[in-house]
Amino acid sequence: MATDTATDVFEEHRPVLIGVAYRMLGRVADAEDVVQDAWLRWSTADREQVREPRAYLVRVTTRLAIDRLRHAQSRRESYVGPWLPEPFVTDFGPTVPDTAERAMLADSVSLAVLVVLESLSPLERAVFVLREAFGFPYSEIAVTLDRSEAAVRQLAGRARKHVDEGRPRYDVDPVERRDLTERFLAAATGGDLGGLMELLAPDVRLVGDSGGKARAPLRVVESADKVGRFLLGAAKKGVPSADRVEFRFVELNGAASVLFLVDGKVDSAFQLDVADGRVQRVYVVRNPDKLVSLSA
């Protein structure tokens, strides 16, 4: 196989490889590093012996991601404050025309699901990602993980049960989420506590991720009153003059989100989980290390 052909084949499957690696690791930079390592292995492999390049590349990427995840888990135990995945710009575009498939991919990369995936073992996470997000058959996953098909099915069952129990069940209309996000933003920046309280569910939770490198709550903030007052307090203390600030809507992790920019640089990203016309969860990422890809 010629070098240019090898490159073409790899680039054809790169979106799937990035998708697998990101869902495994929750970090864009880590996912890109894993895919780069997969490319190095692909470029030196005996490709004449590879019957199914996609399966081969996914197998290599998954194994590399499992190894990296095992090392990353020890670092996350010492993480300062709540941990959230690195925001990931999702634009499935014309490559995913089917509405059901688009919804499945968006759900599998949602912040809520990725947070739950953090509590799975590396093998359980790999099985869940390959099976639930990309629909790989159990037999192929078994080869990828060097496990029996029966063992893979057991891992899949445990992972699915754990995710179903842990993730919020919100069937959110995209238009409703966008509308509520705009109203939420207007109330928070306008100092309208009453308007904000009308939007927040009584048991709303705010999760802020700073990694100790920016101002954010070191614990999850719970209840409408506490979340509302925290947001208004943060807006009064930390928002620069209007001419330095910009709010930009973007799709992150399959849902409408907002980037908060100061002097043209991304300062934070936030996203809402919405159900029954109320905000159920507020996710705020302020760790500058996790905003690098959004500033590019």
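UniProt positions are given here in the numbering of this chain, with feature names shortened, and such annotations may be inferred rather than shown by experiment. With that in mind, an unreviewed UniProt entry places the feature "domain: RNA polymerase sigma-70 region" at residues 10-73. The model is a predicted one, in which local features need pLDDT of at least 70 and side-chain atom pairs count only at pLDDT 80 or more, while totals for chains, interfaces and linings use all residues. Residues are numbered from 1 along each chain as its sequence is written, and side-chain values use heavy atoms, with hydrogens and water left out.

**Annotated spans**

- Residues 10-73 are 84% helix and 0% strand, with end C-alpha atoms 29 Å apart; helices (H or I, at least four residues) and strands (E, at least two) are DSSP runs numbered from the N terminus.
- The unreviewed UniProt entry also gives "domain: RNA polymerase sigma factor 70 region 4 type", covering residues 112-162.
- That span, 112-162, is 78% helix and 0% strand, and its end C-alpha atoms lie 13 Å apart.

- The domain assignment gives domain 1 (6-82 + 121-163) and domain 2 (174-294), with bounds that come from an automatic or database assignment.
- Taken over C-alpha atoms, the centres of domain 1 and domain 2 are 32 Å apart.
- Seven residues of domain 1 are in contact with 15 residues of domain 2, where contact means heavy atoms within 4.5 Å.
- Between them the two domains bury about 730 Å², 57% of it on carbon and sulfur atoms; buried area is the accessible area (1.4 Å probe) that two parts lose on being put together, summed over both.
- On the domain 1 side, Tyr79, Val80 and Pro82 lose the most area to domain 2, together 65% of what that side buries.

**Around Arg286**

- Arg286 sits in the loop between β6 and α12 (292-295).
- Its C-alpha atom is separated by 8.0 Å from that of Lys213, 73 residues apart along the chain.
- Not counting residues up to four places away in sequence, Arg286 touches Asp209, Ser210, Ala214, Arg215, Asp267, Ser268 and Leu291.
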